[in-house]
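The sequence and coordinates are shown first.

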Amino acid sequence: MDAPSPCTCFQLRRAARRVSQVYDHHLAAADLSLNAYSILRRAREPRPLGALADALGMDRTTLTRNIKPLIESGLLQSQTGDDPRQREVRITAAGKRRLQKALPLWQQAQDEIEAVFGSKPVAGLNQQLEALNNALEAEART
């Protein structure tokens, strides 16, 4: 067995991959990946691509690549924003139905993670990750 890595990025990415596998397994019954589910959840109101990318912690190129199949399958719609140079995305009626189907599956995945790791440690981890994200965002603005 390898010694624990002192690299924070490695530890976060490895844990994120394992957690993503749990969510992807459950969400597969709604024919969604965790990425697609997260995008649909945050596109319930029309949002400019840049704002959606920021909310997801993705760059615009990655988001564009991830929303393309959602648009092609009719779950998202792309439209011109108030500024004609700006593109907005929003969830469609079909996307809302898929999201409704996925919500209990997401909850099953959440429950599984909490059963494995504990509700209090999960809540604490989420608070710490939110604080880390906020600190890194603040640092990036300076």
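## Geometry of helix α4

Helix α4 covers residues 60-72, and its 13 residues, at 1.5 Å a residue, should span 18 Å, which agrees with the 18 Å between its end C-alpha atoms. The expected span is 1.5 Å times one less than the number of residues. Helices (H or I, at least four residues) and strands (E, at least two) are DSSP runs, numbered from the N terminus.

The model is predicted: local features need pLDDT of at least 70 and side-chain atom pairs pLDDT 80 or more, whereas totals for chains, interfaces and linings use all residues. Residues are numbered from 1 along each chain as its sequence is written, and side-chain values use heavy atoms, without hydrogens and water.

At N66, shortly before the proline P69, α4 has a kink of about 25°; the bend is the angle between axes fitted to the seven residues ending at a residue and the seven starting there.

## Ends and packing of α4

At the start of α4, the backbone nitrogen of T61 lies within 3.1 Å of a side-chain oxygen of D59. After the helix comes G74, with a positive phi near 80°.

L63, I67 and L70 are the buried residues of α4, buried meaning under 20% relative accessible area, exposed over 50% and partly exposed in between (1.4 Å probe, protein chains only). Their cover includes α2 (34-42), α3 (49-56), β2 (76-80) and β3 (87-91).

## Cysteines

The whole structure contains zero disulfides, a disulfide being a pair of cysteine sulfur atoms within 2.5 Å.

How values were computed:
Contact = heavy atoms within 4.5 Å. Polar contact = N/O pair within 3.5 Å; in protein donor to acceptor, adjacent residues only side chain to side chain.
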